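Dear colleague,

Please find below the sequence and structure that I am handing over to you. My notes on what was found follow directly after.

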Amino acid sequence: MIGLIGYNFCGDVNALDPSPTGITNIQRTKISSGVVNHFNLSSNGSMDFDDTIPASWDFSTIINAGFNGNLNGGSLAEIGSQITAVRVKRREKGAFEWITLYETVINTVDDLSFSYIDRLNINFKEYEYAFVPVMESVEGNYITNDVVSNFKGIYICDANTIYKFKYGVAYNSNDRVQQVGVFTPFGRRMPVVVSNGLLNYETGNISGKIINKSFEKTGKIDRNAIQQEKTALLDYLTNKEPKIIKDWNGNAWLVYITGNPSVTYSNEYGMGIMDVSADWTEIGSMNSKSDLYYANMIPTED
């Protein structure tokens, strides 16, 4: 073959084609000045030319845009058809074990667009979150991102619902419960102390003032809204489901509301403002996947 200024003169069908040029690190491709029905870009420079429009992706495909009412050229539709579920996982930075916070079934590509709010995070913690595609129970590569948890206030929540106490919040006092027996045998000056059980948990009380959500902006008391919020909060506290109490100091307890939540009305506001108080008992550890799973805070123990 004779080459001159990038052309060959062998007389074949590609005699006037430019010589192939090797370009690396391509960051941008522009299509203009024409009507384009399909655009396919491949990393395989040695394949034979064929005017057949590619029907699907292969290992070498970089872009495959059919311009069917959109400008999509990525592999989302191709890969999405193979994904059966997506999991959102989290672990404390530096830890080894992941906790699955959320899992959703993928039936169409549109199902890959979703949002999830992590209500189980603890203040001052640095977490590593992972987006994990699943294909027939087999997990794909983890797409991760680091997030530092930073919030203000005191909250009572579960995996789906959260309430923030803004005014007049108090813990009163917490007790650390243990099982210790004290016996006074006949003839002994000192008692016998026996501790055979493993019980070691906390109990406490949380209370806060109920104010309508618009109060911070308007400075006005909405008695009707306060009544609705009181009823919703009491229903939530008595739904017989585990809760998480957490605050901006980094405290967090996995609890069950025990006793009877009580309401104390403020006479100086014509009983329009009230305090709600509830006793709680710790039922598990915030660091235990097993405890979180059995408390219905996460979807799986795996």
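T100 is found in strand β6 (residues 99-105); strands here are DSSP runs of E with at least two residues, helices are DSSP runs of H or I with at least four residues, and both are numbered from the N terminus. With a relative accessible area of 2%, T100 is buried. The term buried means under 20% relative accessible area, exposed means over 50%, and partly exposed lies in between, with a 1.4 Å probe and protein chains only. Leaving aside neighbours within four places in sequence, T100 is in contact (heavy atoms within 4.5 Å) with R87, V88, K89, I298, P299, T300 and D302.

Please note that this is a predicted model, in which local features need pLDDT of at least 70 and side-chain atom pairs count only at pLDDT 80 or more, while totals for chains, interfaces and linings use all residues. Residues are numbered from 1 along each chain as its sequence is written, and side-chain values use heavy atoms, with hydrogens and water left out.

Overall composition

The protein has four helices and 19 strands. Of its 302 residues, 30% are buried. Among contacts with a separation of 6 or more, 56% are between residues 24 or more positions apart. The accessible surface (Shrake-Rupley method, 1.4 Å probe, with only the protein chains shown counting as cover for residues) comes to about 20,400 Å², and 51% of it belongs to carbon and sulfur atoms.

The interior

A nonpolar core is a set of buried Ala, Val, Leu, Ile, Met, Phe, Trp, Tyr and Cys residues joined through side-chain atoms within 4.5 Å. The largest such core has 19 residues, and I156, L237, I245 and W280 have the most contacts inside it. At least two residues of this core come from each of β10 (154-157), β16 (200-210), α3 (223-237), β18 (252-265) and β19 (274-284). Another core lies apart from it and has 14 residues, among them Y129, M286, L292 and M297. Not counting residues up to four places away in sequence, W280 touches several residues, including N174, E202, I245, W253 and Y256.

Salt bridges

The structure holds 10 salt bridges, each being a side-chain nitrogen of Lys or Arg within 4 Å of a carboxyl oxygen of Asp or Glu. In one of them, the side chains of D118 and R90 meet at 2.8 Å, N to O. D118 lies in the loop between β6 and β7 and R90 in strand β5 (residues 85-92), so this pair ties together parts that are 28 residues apart in sequence. Both partners are buried: D118 has a relative accessible area of 13%, and R90 has 7%.

A further salt bridge joins the side chains of K289 and E97 at 3.4 Å, N to O. This pair links distant parts of the chain, with K289 in helix α4 (residues 289-294) and E97 in the loop between β5 and β6, 192 residues apart. K289 is buried at 14% relative accessible area, whereas E97 is exposed at 52%.

K209 and D275 also form a salt bridge through their side chains (3.1 Å, N to O). K209 belongs to strand β16 and D275 to strand β19, 66 residues apart. K209 is partly exposed at 25%, and D275 is partly exposed at 21%.

Which strand pairs with β9 in the antiparallel sense? Strand β7 (residues 126-135) does, over six bridges; two strands pair if DSSP finds at least two bridges between them. Within this pairing, E128 stands opposite D146 in β9. Of the six residues of β9 (residues 143-148), the number buried is zero, so the strand lies largely in the open.

Most residues other than glycine have a negative phi. F67, in the loop between β4 (61-65) and α1 (76-80), has a positive phi near 55 degrees. F67 is partly exposed, with a relative accessible area of 28%. N172, in the loop between β12 (167-170) and β13 (175-178), has a positive phi near 60 degrees. N172 is exposed, at 57% relative accessible area.

Yours sincerely
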